[in-house]
Every structure is written in C-alpha cells, then in structure tokens.
Amino acid sequence: MRVETKLFIYLFIFFVPVTLIYGFWSQWQEPIGVTALILTGALFALSGFYFWMTGKKLPLRPEDNVTGEIAEQEGNYGYFVASSWTPLWLAGSSAIMFLGLAVGWWVFIIGAAFAIVAVCLWVFESFSGEYSI
C-alpha cells in the first residue's frame, strides 16, 4: 500500500499550493473554485491517510518491495478473450447515441438499441464460439 499512499499524499501536497495560488490569483473573490480545490486536497489527504493506516496493518506486497522480482507477483490475472469485435460495435453504437444528443432523440434511440445488442454480445461472447470457456 506504500505506492498508493505516496500517490495520494503527493497529490495532496500538490493541491495545497495550487489552492493558495488560485485564491491569490482570484483575490479570494471566487469561493466555489477555492472550496472545490480545498475539498479536492482534503479528499486526497483522507485517502492517503486511509491507505497509510491500512498499509501499516498489512504485510508488504510484492509491488512494495523495491528489490522485488516480477516472478514474486503471481496468480490469476483474469480471463481475457483472445480477439473480439464487440467493443468496436459498442463504440460505434455509443457514437450514434452521442450523435443523437445533437441531432435528435430518434437517433439516440436507434443507437441505444444497437448498444443493448452490443452489450449482450460482449457479455456472452466467452460462452460460445472458438474461444469459449
């Protein structure tokens, strides 16, 4: 958990001066932006503190070991389909849906119908065909 802790703490350290610079630049007249930056920094600080406290209770992971080898991190990474055209159809139907937001709802509905079919195909593609489980 050390990598995550460092990431969130570094982002907190980044947002503290950014908040001050933004506040001075806007002469503290724009409270929404300053509040958003303060809350963003607080979110990173809270997450970093959580990872730090959790990391103290857990043993070191292989990615926390500086001299660790790739072979130390082993296990199942998941099942991935060898080749699939379904994400292409899903991206095309998403493009039609976004076009429908600009052109008209009837185009959006056509894209949504294609998207429903593409999502169903994507979910069930591992259960049939050459690369089935």
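## Basis of the model

Helices (H or I, at least four residues) and strands (E, at least two) are DSSP runs, numbered from the N terminus. By this numbering, Ala-82 lies in the loop between α2 and α3.

This is a predicted model, in which local features need pLDDT of at least 70 and side-chain atom pairs count only at pLDDT 80 or more, while totals for chains, interfaces and linings use all residues. Residues are numbered from 1 along each chain as its sequence is written, and side-chain values use heavy atoms, with hydrogens and water left out.

## Packing of α1 and α2

Helix α1 covers residues 2–25 and helix α2 covers residues 31–57; their axes are 8 Å apart and the packing angle is about 160°. Axes here are lines fitted to C-alpha atoms, for helices over the stretch in contact, and angles run from 0 to 180 degrees between N-to-C directions. The angle therefore makes α1 roughly antiparallel to α2 (under 35 degrees is roughly parallel, over 145 roughly antiparallel, 65 to 115 roughly perpendicular, the rest oblique).

The crossing of α1 past α2 is left-handed, meaning that the near helix is turned anticlockwise from the far one by less than a right angle; clockwise would be right-handed.

## Loop residues

The loop between α1 and α2 holds Gln-27 and Trp-28. Gln-27 is not a glycine, yet its phi is positive, near 55°. Trp-28, also not a glycine, has a positive phi of about 55°. Gln-27 is exposed at 57% relative accessible area, whereas Trp-28 is partly exposed at 43% (buried is under 20%, exposed over 50%, partly exposed in between, with a 1.4 Å probe and protein chains only).

In the loop between α2 and α3, Ala-82 has a relative accessibility of 58% and so counts as exposed. Its C-alpha atom is 9.7 Å from that of Ser-126, a residue 44 positions away along the chain.

## Nonpolar surface patch

Leu-99, Val-103, Trp-106, Ile-110 and Phe-114 make a nonpolar surface patch of about 540 Å². The elements giving two or more residues to this patch are α3 (86–103) and α4 (105–124). The largest share, three residues, comes from α4. Leu-99 belongs to helix α3 and is partly exposed, at 46% relative accessible area.

Patch residues have over 30% relative accessible area and no salt bridge; like charges are joined within 9 Å, and nonpolar side chains (Val, Leu, Ile, Met, Phe, Trp, Tyr) within 5 Å. A salt bridge is a side-chain nitrogen of Lys or Arg within 4 Å of a carboxyl oxygen of Asp or Glu. Accessible areas come from the Shrake-Rupley method with a 1.4 Å probe, and for residues only the protein chains shown count as cover.
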